[in-house]
There are 2 protein chains.
Amino acid sequence: MSKILIDEPEPRKEKVAIVGAGLVGCLAALSFARLGYKVTLYEYRDDPRNETTVDRNLRSINLAVSDRGIRALNAVDLEMSIRVLKNILPMRGRMIHDVDGHQTSMKYGLHNEAINSIDRAYLNIELLNELDRHKNIKVNYGLKLMKMDFSGKNGNPRIYFEKTKKVANTLEENAIRTFEYNFVIGADGAYSATRFQLQKFVRMDFSQEYMDCCYIELYIPPGASKKYKFQLHPNRLHIWPRNKFMLIALPNFDGSFTSTFFGPWDLTESLDTREKVIDFFQTNFKDAVDLIGLEQVVEAFLTHPKCSLVCTSCFPYNYKGKCIIVGDAAHSMVPFYGQGMNCGFEDVRVLVELVKKHEYELESAFNEYSVTRQQDLDAIITLARNNYTEMSHNVNTTRYAVRKKMDAAMHLIFGDKWLPLYTMVSFRGDIRYSDCIKRSKVQGWLLSQLELGVYGLGAWLAFKAIRAVVRDR
Amino acid sequence: MSKILIDEPEPRKEKVAIVGAGLVGCLAALSFARLGYKVTLYEYRDDPRNETTVDRNLRSINLAVSDRGIRALNAVDLEMSIRVLKNILPMRGRMIHDVDGHQTSMKYGLHNEAINSIDRAYLNIELLNELDRHKNIKVNYGLKLMKMDFSGKNGNPRIYFEKTKKVANTLEENAIRTFEYNFVIGADGAYSATRFQLQKFVRMDFSQEYMDCCYIELYIPPGASKKYKFQLHPNRLHIWPRNKFMLIALPNFDGSFTSTFFGPWDLTESLDTREKVIDFFQTNFKDAVDLIGLEQVVEAFLTHPKCSLVCTSCFPYNYKGKCIIVGDAAHSMVPFYGQGMNCGFEDVRVLVELVKKHEYELESAFNEYSVTRQQDLDAIITLARNNYTEMSHNVNTTRYAVRKKMDAAMHLIFGDKWLPLYTMVSFRGDIRYSDCIKRSKVQGWLLSQLELGVYGLGAWLAFKAIRAVVRDR
């Protein structure tokens, strides 16, 4: 595309390397370019816009952009944010599908708020297009980070890349390229090479934990009707909760839905023949099978990659003012709160605010980021893990429905002083994740007291009624 | 040395690669050679026996070989075990040094049992000498594991090594060597390259956590007397417990002691001038300074490496019957229970027993190892971490001394049914680590009840006495 260059800020002399041109890496590039830094982005894959066919890696769960993600985009540039998000599809609630195919809608927010479905690959391309508008952002594809040390001038990072394109199956004949920068931002995902290198210089606590949950991508095509393409309600996140496993579906703007099956590894791997898959899906997801197509279900289940879900966390995130990791590189979470990307975007916003607050003195900014951000990241990782049970089981229970109604009622009474947890996390980016958990704990305790009160009242009335009956005899 | 070949078992056709020729790697090589496998050991360092000067990396804490380590050595070959351990120095208890230089001895065992001090480098060389006695063990030095996959015949592991000797500061011009084996044993320490490669094929939970504790090696030379070289009691593990920090010293058979300072990072790094170090050591470790020499303390503190302590744990430890990790590669712990090497040796003994039990069907053996060994490794990692407080603080308290006496008394009454925790861990390799914790919890609770009883009785008697006095007036 032709470059429509945007106004650039007063340039700074420092150069930053950003590793990873995924969603968070692109936002970091845009944000630090906006601060005036000279930005070079390194990506080990090819430019996805050069692919002749769209790269469907069949591992994607549609993203749900919510308040934190949008805030972070807006913080860089409102016009950019609008361009990038032009094709989102708002989802205003969940649509629960029971075994008989009955659908029940549950609103997410109390004021019709929405989380917004968007395809990951599409959003990534939109962000890459934005990078091209900047003079002081350069993107290098096909280079993989092999090594990083701090042997440059003033302890600056030196990074060693290997060309990925021409590399055969052995490690011989590598073409290594070495570059020096003022600082490095690692945004290279859950298996971050930057983080791995950083661990050689920082006493970094680190953990990774796999969930006993496997996911497989399925696809619900657009309907035949030309006027109305969607086969399901387009403004809902569809869930088929079946306790230990579930199916979900998120809308795409072409009328299709990206659907994902989640289940324990043992169960999923035991469904290894056409007959078993058909039997399992017809029993549990009859209405979904009708939309996906029986052959397509079988094919997807037997041939699509079975993907794992990993939670990683670490501390600290930086080495002095020389290197910092953001997004999944610092905290990969399971997708059940729809916050992975939103949280990664928020990382960048928070980091940029601290760089400004410390007047471009990076060591103080990065140190404050590590210390203050940790509790928020720990909070959202925990919330995301716990939400699997909510989605796959709790939404099916009466108690959940009752509590949700009580929760909403309390908000109507107390206003901003009482906010349901989901609202705080998804629609109130001004509240820190760690505060969401703190407030929700207090509210949860109060709700339980209320519940006890309600049950107690019920029991008392029942007792009265029985006594009245007994007396009458 | 000339090879004195030992009797070899019926050879098997399978070949195993062992990564790392440290203590656990050597024992694994000896053990699997004994089972008949063709063993190749890879070590990225040079042969330590070729070094013109002894490689003092100043990071060593003397080892304390105890029952589990000895059992594992004996299980391979009793004569070998005796050769290897000929220069151990038994430590039958702790010697507590208070600030005024008074020493108090506390026995470890109830029957004069000992843990045995030995220099790590020395033990490693003894084990390397043993390898040379075997026809079916080959050792390759100067090769570093770069990559591992399972692309060999029948999914066998292929491993890629880089020559470390000729490699300059860049990664260019690498000479890569590729080998295929039937299986690989990773014994390459806390920062295991084998484990890192394994994680690409196994959904491995993993965590690493740094303790806020730094250590620095010091040295107490032998005394001037020709007849009696030791400046401190040779059969004790010496401790200078000072709550948040401490000094320890373990004897060497040449009359010297390897001493180690442990303290929080902030404190240790704040002692950055000659004056501060002198003041700190004269205040806290007066008697030790007299033995080490003031100049030597200052030099060690300001120039020796400041080392960190990391706990790592992971699960599972194997990929099918193709690769397994043992020793620090699977579980690195802090040194405060003296169990790191003992536990690594036990890993090998347990693994070999399972290979025999499953009649050389490695996948079943490795799987059973992962599942059953995890709880024991988790147990000893926790015990080791908790023992820092015991060594640096509790040993100073009266309550600890009283409980230790009660603990010993209970053993005298109940015999094998009541064993102090330290005894189970260090002297009773027939009791699994996880069972040590379980039994100790029950005993601890009973001891607390007894304590309460004692205090209750005391209070009751005091009350009686006061009432009698009051009445008499």
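1. Let's start with chain B, where helix H2 (residues 67-76) and H10(B) pack at an angle of about 35 degrees, their axes 8 Å apart. Axes here are lines fitted to C-alpha atoms, for helices over the stretch in contact, with angles running from 0 to 180 degrees between N-to-C directions. Helices (H or I, at least four residues) and strands (E, at least two) are DSSP runs numbered from the N terminus. H2(B) crosses H10(B) in a left-handed sense (near helix turned anticlockwise from the far one by less than a right angle; clockwise is right-handed).

2. A word on conventions: this is a predicted model, in which local features need pLDDT of at least 70 and side-chain atom pairs count only at pLDDT 80 or more, while totals for chains, interfaces and linings use all residues. Residues are numbered from 1 along each chain as its sequence is written, chains are lettered from A in the order in which they are written, and side-chain values use heavy atoms, leaving out hydrogens and water.

3. Which residues of H2(B) and H10(B) meet? From H2(B) come Arg68(B), Gly69(B), Arg71(B), Ala72(B), Leu73(B) and Ala75(B), and from H10(B) Asn342(B), Phe345(B), Glu346(B) and Arg349(B) (contact means heavy atoms within 4.5 Å). By class they are four nonpolar, two polar and four charged, where Ala, Val, Leu, Ile, Met, Phe, Trp, Tyr, Cys and Pro count as nonpolar, Asp, Glu, Lys and Arg as charged, and the others, Gly among them, as polar.

4. H10(B) (residues 340-357) also packs with H1(B) (residues 23-34), at about 20 degrees and with axes 9 Å apart. The two helices are therefore roughly parallel (angles under 35 degrees), and their crossing is right-handed. Among the residues in contact are Leu27(B) and Phe32(B) of H1(B) and Phe345(B) and Val348(B) of H10(B). This contact has 11 nonpolar, two polar and no charged residues.

5. Two backbone details are worth a look. The peptide bond from Phe315(A) to Pro316(A) is cis, with omega about -5 degrees, and Pro316(A) sits in the loop between strands S17 (307-315) and S18 (318-319) of chain A. Asn112(B), a residue other than glycine, has a positive phi near 65 degrees.

Definitions and conventions:
Parallel < 35°, antiparallel > 145°, perpendicular 65-115°, else oblique.
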